[in-house]
Amino acid sequence: MAITQTAISYYGLNYVEHAAADFLEMKEHGCTTVILAVTEFDFDFWRPNIPRIVAKAHEIGLRVLLDPWGVGKYFGGEQVSKFLQDNTENRQVSALTGEKLPFACFNTNSFRDYFQRICLTLAREAGADGFFWDEPHYAFPKSYASITGGVADEWTCRCPVCMKKFQDYYGYEMPRVMNDDVKQFRWREALFILEDTSRKIKEIDPELEITCCVHATMNSYYVTEYRGYDNWDMVAACPYFDVFSTTIIAWELPEGFFEQITKRTVEVSKRYGKKSERWLMGYYKQPKDFKQIDDVVDMYEKAGVDRLASWTYRGGYGTVLAAPDALKLWDRIGENYKRVLGK
Ligand SMILES: [Zn+2]
């Protein structure tokens, strides 16, 4: 199977005519799809222009996926969260210290309703082709590595809502130290918000496609993450997700890591009849030798990946997360996009 989709993310939604110029540049770089990062501020402030920007992308010949970028700091992304600004409650709580953290607890009805309202409104109004769930996660732990001789003890969420749900289901108080019940609880609850929202999006329009992109972790005996979506089988089995995607790997990581993640991504996707997607790091850092980009793209293709995506437009040019040679990086990714689509 050939690679059929080459996506690039894009943020800073505002004027249609400015977006149009950027969309043309994406087309010139071999992109078939734009992943529009819609922030809480964009939704709150620029809402009238969102459907117009989507329509313009379509006119230029790009598919459009909407990314609720960093909403509640539950999804990945650098921007601020209006939910956290407007709510002092419904936050994730540290298991060890009991402190409220600057991450929305997505197991609370308050945040679930807030998130769902944004998505369902966009599903009705924006005219996009689908949604992109971008690195959803619990705040902690980022990694949980017994090979180092100890585990990352901190985790979330032990807020009153999570504690009550846990107590009701398991019949004892949610412990401070993570155990198997807590792991199961966290996986189940984490999936609920995305499953429920995806199902309702498809009720509005069954053609709206859902991509779920989770952190690219080894999930091995020694090293795994407990960010809520690290049980890939559980995520990929969700009947409302169409594409299983695993996120960016830093260029300096070993080739074997890229290969392992890719192999597992394709295997899990196939097992559940989903399309697979792998990412290229197109911001912040770049490979020592740009040829690595060509090699990784070749490896993705050989492994049977269906879709490629890169973060972000112009290599992050002009932002604090720009790659050193941002525009050259963007050009090289574009060359690769054109190359794989031409096959
Ligand atoms: Zn909670």
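Predicted model: local features only at pLDDT ≥ 70, side-chain atom pairs only at ≥ 80, totals over all residues.
Biologist: In what sense do strand 1 (residues 5–10) and strand 2 pair?

Modeller: Two strands pair if DSSP finds at least two bridges between them. Strands are DSSP runs of E with at least two residues, and helices are runs of H or I with at least four, numbered from the N terminus. Here strand 1 and strand 2 run parallel, with four bridges. Residues are numbered from 1 along each chain as its sequence is written.

Biologist: Are the residues of strand 2 (residues 33–37) buried or exposed?

Modeller: A residue is buried if 20 or more other C-beta atoms lie within 10 Å of its own, exposed if 12 or fewer, and partly exposed in between, with C-beta atoms placed from the backbone. In strand 2, five of the five residues are buried, so the strand is largely enclosed by the rest of the structure. T33, I35 and A37 point one way, V34 and L36 the other way.

Biologist: Why is R117 called exposed?

Modeller: Because R117 has 12 other C-beta atoms within 10 Å. R117 belongs to helix 5 (residues 109–125).

Biologist: What is F131 in contact with, leaving aside its neighbours within four places in sequence?

Modeller: Two residues are in contact if their C-beta atoms, placed from the backbone, lie within 7 Å. For F131, the partners are L65, L66, C119, I201, L208 and I210.
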